[in-house]
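Open the model in your viewer and keep the sequence panel beside it. Each stop below gives a selection and what is there.

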Amino acid sequence: MVANKKGKKEKVIDVLNKARAMELHAIHQYMNQHYNLDDKDYGELAVKMKLIAIDEMRHAESFAERIKKLGGEPTTQREGSVKTGQSIQAIYKSNAEQEDTTIEAYSQFCKICQEQGDTITVRLFEQMIEKEQIHLNYYENTSGHIKILGNIYLAKIAGTASDTGSSRGGASGSAD
Ligand SMILES: [Fe+2]
Ligand SMILES: [Fe+2]
C-alpha cells in the first residue's frame, strides 16, 4: 500500500518536472525574442514578450513548489533548444505552435494526475492550461495581424515604448 502511494507520487512528480522543463525552455525562448524585438525597436511587441516570459517564470516556480511539497526535486534542465535569429513572422508562428503543444501536453499530464488521485496537481494543471490559452490567443492574433496587415501593422508598432513600467504582473494579469 505504502509502495503504491510512493509510485503514484513519483508519477505526479515526473509530469510536474516535464512541465517545468517546458516552462524553462519557454522562458529562455521568449527572453531571447524580447531583447531582439526591443533591438529592432518594436517596443510594444517587446514589452508583451517580456511579460509573457515573466508569466512562464511564475509557472516554472509554481510547478517547483508543488514538486517540493510532494518531496521531489525540481529540474533545472530545459526541454529543447532555443531558436535564435528568427524573423518577426517566425517568432509568432512558432510561439503559437509552442503554446499549443504545451496545452496538449498539460492536458495529458492532467489526466495522469487524475489517474493518481492527486486533485491539487490536477487543479494546478487546469489553471496553467487557462493561462497558456491566453498566450496562445495573443500569439495567434499577432501572427494573423502580421500575415494579413504586414508592414502596415509593423509600422504602427515601430518606435513604440518598450518600458514595462513596473516589474510586477505578467501577461495573463495574475499575481501568483
Ligand atoms: Fe507557462
Ligand atoms: Fe505560455
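**Stop 1: H2 against H4**

Select Ile52, Asp55, His59, Ser62 and Arg66 in H2; they meet Thr121, Leu124, Met128, Lys131 and His135 in H4. Contact here is C-beta atoms, placed from the backbone, within 7 Å. By class, this contact holds three nonpolar, four polar and three charged residues. Nonpolar covers Ala, Val, Leu, Ile, Met, Phe, Trp, Tyr, Cys and Pro; charged is Asp, Glu, Lys and Arg; the others, Gly among them, are polar.

The model is predicted: local features need pLDDT of at least 70, side-chain atom pairs count only at pLDDT 80 or more, and totals for chains, interfaces and linings use all residues. Residues are numbered from 1 along each chain as its sequence is written, while chains are lettered from A and ligands numbered from 1 in the order in which they are written.

Now show H2 (residues 43-69) and H4 (residues 119-149) whole: their axes come within 12 Å and cross at roughly 170 degrees. That makes H2 roughly antiparallel to H4 (over 145 degrees). Axes are lines fitted to C-alpha atoms over the stretch in contact, and angles run from 0 to 180 degrees between N-to-C directions. Helices are DSSP runs (H or I, at least four residues), numbered from the N terminus.

**Stop 2: Asp41**

Step back to the loop between H1 (2-39) and H2, where Asp41 lies. Its phi is near 75 degrees, positive in a residue other than glycine. Asp41 is partly exposed, with 13 other C-beta atoms within 10 Å (buried is 20 or more, exposed 12 or fewer, partly exposed in between; C-beta atoms are placed from the backbone).

**Stop 3: H3**

Select Ile91, Tyr92, Thr102 and Phe109, which are among the buried residues of H3. Then go to Gly117, which follows H3 and has a positive phi, near 75 degrees.

Terms used:
Helix = DSSP H or I, 4+ residues; strand = E, 2+ residues; numbered from the N terminus. Parallel < 35°, antiparallel > 145°, perpendicular 65-115°, else oblique. Contact = placed C-beta atoms within 7 Å.
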